[in-house]
Amino acid sequence: MCGIVGYIGDQQVYPILIKGLKRLEYRGYDSAGIAIFDQEIALHKCKGKVADLEAHAKNGSVSGTIGIGHTRWATHGLPNDVNAHPHFSDSKSIVMIHNGIIENYSALRKMLEKRGYAFRSETDSEVLLNLIEDVQKKEKVELDQAVRIALHEVVGAYAIVLFSKENPDRLIAAKKGSPLVIGVGEGEYFLASDATPIVEYTRNVVYLEDEEIAVIDRAQGLNIINIKNQKITPYLQEVELQLEELEKGGYEHFMLKEIYEQPRSIADSMRGRISVDGTTVALGGIKDYEQKLINARRIIMVACGTSWHAGLVGEYLFEDLARIPVEVEYASEFRYRNPVIYEDDVVIAISQSGETADTLAAIEMAKSKGATIIGICNVVGSSIARATHAGSYTHAGPEIGVASTKAFTAQVTVLTLMALSIGHKKGTLPTQRYQQLIRDLEQIPSKIEKVLKQNDKIKQLSDKFFQATNFLYLGRGYSFPVALEGALKLKEISYIHAEGYPAAEMKHGPIALIDEQMPVVVIAPKASFYEKVVSNIQEIKARKGIVIGVVSEGDKTVSEIADHIIEVPHTDEVLMPLISSVPLQLLSYHIALLRDCNVDQPRNLAKSVTVE
Ligand code: M6R
């Protein structure tokens with residue numbers, strides 16, 4: 001939530017900030033703003049997107065070589081010009097951007113108001129800034145020390161960057177719970193919520209850790225202290241991200257590009273993890289924890305949103321192939337539920353961004369109770385990747401579209417590889433089936449290519465349904481999580497109400513919704529319970545519902561009773577979610593386009609949810 005950028009060096013800062021904010025706009029797009037120093041602090045901010053900010057800033061001063069920028073996903077206060085960041089301190093001498101939530105902001109604000117501070121916005125961020133200013137005045141210390149002391153008073157999450165007009169040659173940054181990366185160039189430094197705005201200038205980065213404060217000075221360079229005032233040696237790392245991965249590459253939207261990237265991203269998720277002769281699976285990242293998984297009393301999947309749906313596929317996989325009991329938990333519920341956790345439980349935390357606040361908190365809680373934590377993350381070096389004991393990256397490449405597509409199939413691929421490896425080592429998955437599934441898995445990218453060739457057909461289908469007000473998605477077994485994911489994709493980008501349900505549960509309630517207006521997407525590949533799903537389709541047709549069947553190539557039965565079908569190449573049912581989720585992504589994409597929705601930046605959403 002919220003993207004923040006900062007720069008200090010010899011280059012003009014305005015284009016660096018604007019470009020950086022555009023890269024980070026997926027994190028929030030309610031408002032945008034920048035503050036640049038040149039003789040004095042010039043502040044430009046407004047409701048809307050970075051493009052609106054550019055128009056807004058056009059007539060003011062944008063010259064200077066130190067500055068900060070922010071793109072907001074509103075938490076405290078409406079998305080308007082006043083609540084947009086950066087914020088000035090009460091005396092207007094300090095300017096700051098913030099990503100996160102200050103939970104005790106109300107008490108702090110009352111205390112500061114009593115001390116005479118006036119507030120212009122409704123944000124918790126302005127409260128933190130005035131607290132810093134108050135500490136600096138009271139303690140008569142440098143700004144970095146004021147930040148350090150003030151942060152002791154704060155409950156919540158933050159990534160902040162600030163500077164003062166008294167010392168405009170120094171940027172100060174701090175973080176706890178929200179990400180912050182420092183790019184280290186030749187005599188210049190970049191700050192950002194992730195590495196995407198940095199890579200075109202330098203590949204050398206330092207990931208600031210929780211409760212660390214970075215002081216970046218033109219003369220003295222980068223120094224890091226922690227909240228206890230201990231000096232920290234910066235750990236310089238190299239980012240591998242390629243610039244082209246951050247561009248649309250000729251596609252109209254990032255979402256479409258990412259849907260089309262899946263044959264490659266799934267292959268990348270498998271790369272180096274299947275032996276050259278195609279007979280064994282090995283995941284280097286979890287090598288030392290495999291025995292823990294084999295002996296696990298239970299696996300608990302924790303995640304949110306689409307990643308939670310991947311976890312649900314993981315439940316079917318691990319129970320089926322490795323005979324380990326699995327629970328799939330919404331991280332936001334799990335973290336507060338005081339769950340029973342045993343030391344021989346293994347928690348698998350799944351997150352594309354690796355920054356989701358609830359997932360991170362769930363990990364910390366389970367860790368404190370002695371569980372082993374394995375991560376499945378896409379973003380290398382992210383907070384979740386660093387908080388886990390071990391893990392496997394999905395290697396899907398940057399996912400910029402807010403609606404998750406290739407990250408989902410990459411997560412399912414990694415879960416499949418893990419379940420195959422653990423099941424075989426544990427002896428619950430016979431060698432012959434293990435090796436057949438590996439061979440089938442290797443075929444998935446080319447099968448997805450075939451699904452993508454049906455784009456035009458799916459587009460035509462979308463034309464028939466884009467005005468629907470409700471949708472139902474049904475599936476059984478491995479297709480149930482796909483139904484949930486299909487419904488989520490549709491509602492988040494097209495704003496059509498959609499529900500995913502286990503097909504057989506339909507008759508316990510949702511069947512009441514079915515009439516001749518209701519499109520029902522039934523994921524019905526040739527798999528266990530196929531006949532039962534066919535019966536469910538008959539039940540829908542008997543109530544005049546409109547059925548769109550996602551079926552295996554050559555299917556005759558569903559084809560005869562459904563109103564429309566999308567055929568997908570056949571594979572083992574264990575692997576079917578990797579294929580059957582793809583036409584549903586395309587369906588929601590085309591429906592959203594026809595409804596004139598902003599596909600890559602749907603309303604009210606942000607790509608990584610770093611607040612709870
Ligand atoms: O980065 P994460 O995988 O932890 O994010 C979890 C959810 O916020 C995310 O999957 C969200 O549901 C997507 N918008 C779904 O498309």
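## Domain contact and a hairpin in a predicted model

Glu209 and Arg386 are joined by a salt bridge (a side-chain nitrogen of Lys or Arg within 4 Å of a carboxyl oxygen of Asp or Glu), with 2.9 Å between their closest N and O atoms. The model is predicted, so that local features need pLDDT of at least 70 and side-chain atom pairs count only at pLDDT 80 or more, while totals for chains, interfaces and linings use all residues. Residues are numbered from 1 along each chain as its sequence is written, and side-chain values use heavy atoms, with hydrogens and water left out.

The chain is divided as tabulated, the bounds coming from an automatic or database domain assignment.

| Domain | Residues |
|---|---|
| domain 1 | residues 3-244 |
| domain 2 | residues 248-442 |
| domain 3 | residues 453-612 |

The centres of domain 1 and domain 2, taken over C-alpha atoms, lie 33 Å apart, and 10 residues from domain 1 meet 10 residues from domain 2 in the contact (heavy atoms within 4.5 Å). Between them the two domains bury about 780 Å², of which 53% is on carbon and sulfur atoms; buried area is the accessible area (1.4 Å probe) that two parts lose on being put together, summed over both. On the side of domain 1, Tyr26, Pro179 and Tyr207 lose the most area to domain 2, together 45% of what that side buries. One salt bridge is counted between domain 1 and domain 2.

Elsewhere, strand β2 (residues 31-38) pairs with strand β3 (residues 40-47) in the antiparallel sense over eight bridges, where pairing requires that DSSP finds at least two bridges and a strand is a DSSP run (E, at least two residues). Ile34 has His44 in β3 as its bridge partner, and Gln39, in the hairpin with one residue between the strands, takes a positive phi near 75°.

Terms used. Helices (H or I, at least four residues) and strands (E, at least two) are DSSP runs, numbered from the N terminus.
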